[in-house]
Every structure is written in structure tokens, then in C-alpha cells.
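Dear colleague,

I am handing over the structure we spoke about, and I would be glad if you could look through it alongside the notes that follow.

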Amino acid sequence: MDGNTVSEKKLRYMEFLRRETGNRHHTDTEDMQQYELLRTGTPAAVDEAVRIFSSCLPGNISDDPVRNYKYRFVACIALASRAAIAGGMEAERAYNISDLYILKMDQLSSVEEIKSLHAEMFAFYTDEMAKLDKKTVYSKPIVLCLDYIYQHLHEPVRLTRLAEFTGLNASYLSTLFKKETGLSVSDYVLSKRMEAAKNMLKFSTDSYAEIAVTLAFSSQSHFTRVFKQQTGYTPKAYRNQFFRR
């Protein structure tokens with residue numbers, strides 16, 4: 001018996017069994033339709049995903065039914081997150097949604113629970129995509145910039161670094177960034193830092209000094225001054241008003 005996990009002999013035997021039993025996998029077109037619907041925020045994505053996920057065609061990845069559906073869930077959400085990114089969702093957000101759903105799935109113990117969570121997951125991604133402004137389509141260099149900024153809010157983000165990262169001239173990138181986002185690089189970075197600061201004030205107990213350091217402000221007083229300029233609230237007043245709401 002061949003000891004290799006995957007061998008030509010084993011592949012041929014599996015092909016023979018599928019021909020003899022009439023079983024097959026979904027075609028690429030059949031399988032990818034659900035993700036294209038998700039990418040465009042089309043509600044029909046959920047029904048299509050449920051139909052494919054419940055179909056017998058994908059085959060068995062494990063002899064244990066629950067484990068088989070868990071493996072399939074992970075494969076589905078990996079493709080769903082990438083479809084969402086292709087449709088304009090920030091990569092880090094898409095991956096965080098994926099991580100949270102996989103953690104939840106890992107606690108389930110029945111096929112029906114996994115199917116239900118799969119439908120919920122697909123509906124969540126699809127709804128998120130429907131909320132995005134579909135008129136906003138960014139070029140590849142700007143998508144790279146947005147992802148870089150999202151992942152580096154904890155440190156200074158400079159135009160020169162973005163130019164190096166995208167391989168473009170700094171002056172050209174600055175013009176392109178403003179044209180596509182409506183903001184300069186520095187203003188866009190500041191807007192994202194303000195979003196992050198609001199969430200930290202609402203949902204964490206981090207001190208104002210810790211938030212200032214985390215978001216790369218030079219000092220707590222600098223953070224307080226900028227936050228009030230941008231929101232009309234001091235960090236303390238904002239937390240008192242909106243904490244965990």
C-alpha cells in the first residue's frame with residue numbers, strides 16, 4: 001500500500017469511484033456563483049450558498065459528519081472573505097469576520113448548527129457588501145494603500161512609505177489618492193485613527209494615554225486636542241456618553 005497521503009494511484013481510484021457512482025464535485029462555475037453574488041451584495045447569495053452547502057456533490061473530507069461540515073465551513077468562509085475583499089471590503093475587516101465565525105463554528109457539535117451558522121455567515125458578509133458604496137471603485141495602488149494604512153495605524157504612516165510600498169512616485173500617488181478617496185493621505189489616516197479611537201473609547205477600558213500611544217499620537221494632550229477638533233468631544237466626554245453603547 002502506498003504510504004503517501006496523496007498519490008497518483010489514490011487519485012485514479014477516487015476518480016473511478018466517482019464515475020461508477022455518478023458522483024462529482026460542483027463545477028467551478030456552480031461553486032463560484034455564490035461568491036460572485038456575495039461580492040456584489042446580492043441577497044440571492046444566501047439561498048445559493050445554502051443550496052450548495054447542503055448539496056451532496058462536494059464530497060466527504062472526513063468520515064465524521066460534523067468534522068466534514070466544519071472543514072467545508074472553513075473552506076467556504078475563506079472564499080467568502082476573499083470575495084468580500086474583491087468587492088471593496090477592507091481586508092483586515094474581512095479576515096476578522098472570518099476569524100470570529102470560525103471560532104464560533106469550532107464550538108458547535110451538530111451538522112444542523114453548522115449549516116445554520118454558515119447561512120448566518122453568508123448573510124452577514126452579503127449584507128456588509130450591500131452597505132458599501134458601489135460607486136467607489138479603487139485602483140490597485142489605492143487598495144494597497146488603504147490596506148497598509150488599516151494595518152499600521154499604530155505607527156506613523158508617511159506618503160514616502162506608501163509610495164515605496166506601491167512602487168509609485170510619491171507626488172503621483174498623492175494626486176491619485178486624493179482623486180479616488182477625496183482626502184489627502186494624512187487626512188485619510190487621521191479619519192481612520194479617529195474611527196479606531198472612538199471604538200477604543202466605547203468598547204475598551206484602555207486609558208487615554210494608552211489609546212494615544214496605540215494610535216501613534218505624540219502625547220495624550222495631542223490626542224485629546226485632535227480628538228476634540230474632529231469630534232467635538234474630549235475623549236473623556238465621548239467615553240462617558242457612548243461607553244459600550
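Below are the findings on salt bridges and cysteines.

Please keep in mind throughout that this is a predicted model. Across it, the count of salt bridges comes to 9, and three of these are described here.

The side chains of glutamate 90 and lysine 192 meet in a salt bridge, with an N to O distance of 3.6 Å. This pair links distant parts of the chain, since glutamate 90 sits in the loop between helix H4 (65–86) and helix H5 (91–105), whereas lysine 192 belongs to helix H10 (residues 185–203), 102 residues apart. Lysine 192 also forms a salt bridge with glutamate 195, where the closest N and O atoms are 3.5 Å apart; both of these residues lie in helix H10, 3 residues apart, or about one turn of the helix.

Lysine 115 counts as partly exposed, with 23% relative accessibility, and glutamate 112 is exposed, with 55%.

As for the cysteines, the count of disulfides is 0. Cysteine 76 is buried, with a relative accessible area of 13%, and cysteine 145 is buried as well, at 0%.

Best regards

Terms used:
Residues numbered from 1 in each chain as written. Predicted model: local features only at pLDDT ≥ 70, side-chain atom pairs only at ≥ 80, totals over all residues. Heavy atoms only, no water. Disulfide = S-S within 2.5 Å. Buried < 20%, exposed > 50% of the residue type's maximum accessible area, 1.4 Å probe, protein only. Salt bridge = Lys/Arg side-chain N within 4 Å of Asp/Glu carboxyl O. Helix = DSSP H or I, 4+ residues; strand = E, 2+ residues; numbered from the N terminus.
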